Amino acid sequence: MIEGTSVRLRALRAEDAAHHLRWRNDPEVVHWATVGDPCFGPVTQEALALAFETMLRLPPRESAVLTIEDLADGTVIGMADYRDLDPYAGVVTVGVTVGSRDHWGRGYGSEALRLLVGHLFGAFGLHRIELDTWSGNERAVRAFTRAGFREEGRRRETVRVAGRRYDTVLFAMLREEWPDAPDAAVAPVAPVAPVAPV
């Protein structure tokens, strides 16, 4: 378990499927999480059960889906995941979805993201963590920026919502940019230029 002040991240359990089924059939959650991607939802209980079998068996050295719980009462409020972990390059892609609308806009997703980033940089010694969203999800863009991620680029007009086009916004954080790093208070030392011979 990974605990913060408001949320904890824990391993996925079979009983979490009921929450995923509810979130993935909530048009508002699907809209903000995946821009209405039909691969995310709506989904039948049978299809989700098949996907859940796979998620429960993911090897944590490569990928995992974690459950986000409200620390106050243990309510399951969302999910966090990491995938495509490349231990040689030190790179991974992450995602966070708060599926409980009652918990939106209260900092739970931001804290879950910080906990996940800390775990990945700490436990796996990674160099780079990536994520993305769509430009219409301004709340996610602000949250990622506040968490220390930097916008690295855009894939222009890759997303279509209600007849309008939006960009996919690409973010990343390098290990030395992680605000919660144990040595974050130590400023990097600039290399000294060699003195030219006279």
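Colleague: Before we start, what counts as buried here?
Modeller: Buried means under 20% relative accessible area. Keep in mind that this is a predicted model.

Colleague: OK, then is Arg 128 buried or exposed?
Modeller: Arg 128 is buried, because its relative accessible area is 19%, and the cut-off is under 20%.

Colleague: Where does Arg 128 sit, and what does it touch?
Modeller: Arg 128 is in strand S6, which covers residues 128-134. Leaving aside residues up to four places away in sequence, Arg 128 touches Gly 90, Val 91, Val 92, Phe 121, Glu 152, Ala 172, Met 173 and Leu 174.

Colleague: Phe 121, so that's helix H4. Which residues of H4 are buried?
Modeller: Phe 121 is one of them.

Colleague: How far does H4 reach, end to end?
Modeller: H4 has 17 residues, 108-124, and goes 24 Å from its first C-alpha to its last. That's close to the 24 Å expected at 1.5 Å a residue.

Colleague: And what happens just after H4?
Modeller: Gly 125 takes a positive phi there, about 60°.

Colleague: Switching to strands: how do S7 and S8 pair?
Modeller: S7 (residues 150-161) and S8 (residues 164-174) pair in the antiparallel sense, over 8 bridges. As an example, Val 159 has Tyr 166 in S8 as its bridge partner. The two strands make a hairpin with 2 residues between them.

Colleague: Is Ala 162 buried or exposed?
Modeller: Exposed: Ala 162 has 80% relative accessibility, and the cut-off for exposed is over 50%.

Colleague: What about Glu 157, what's its phi and where is it?
Modeller: Glu 157 has a positive phi of about 50° and isn't a glycine either. Glu 157 lies in strand S7. At 52% relative accessibility, Glu 157 counts as exposed.

Colleague: Last topic, peptide bonds. Which residues does the cis one join?
Modeller: The cis peptide bond joins Gly 41 and Pro 42, with omega about 0°. Worth a look, since most peptide bonds are trans.

Colleague: Where in the fold is Pro 42?
Modeller: Pro 42 is in the loop between helix H2 (27-34) and helix H3 (45-56).

Key. Residues are numbered from 1 along each chain as its sequence is written. This is a predicted model: local features need pLDDT of at least 70, side-chain atom pairs count only at pLDDT 80 or more; totals for chains, interfaces and linings use all residues. Side-chain values use heavy atoms; hydrogens and water are left out. Helices (H or I, at least four residues) and strands (E, at least two) are DSSP runs, numbered from the N terminus. The expected span of a helix is 1.5 Å times one less than its number of residues. Buried means under 20% relative accessible area, exposed over 50%, partly exposed in between (1.4 Å probe, protein chains only). Two strands pair if DSSP finds at least two bridges between them. Contact means heavy atoms within 4.5 Å.
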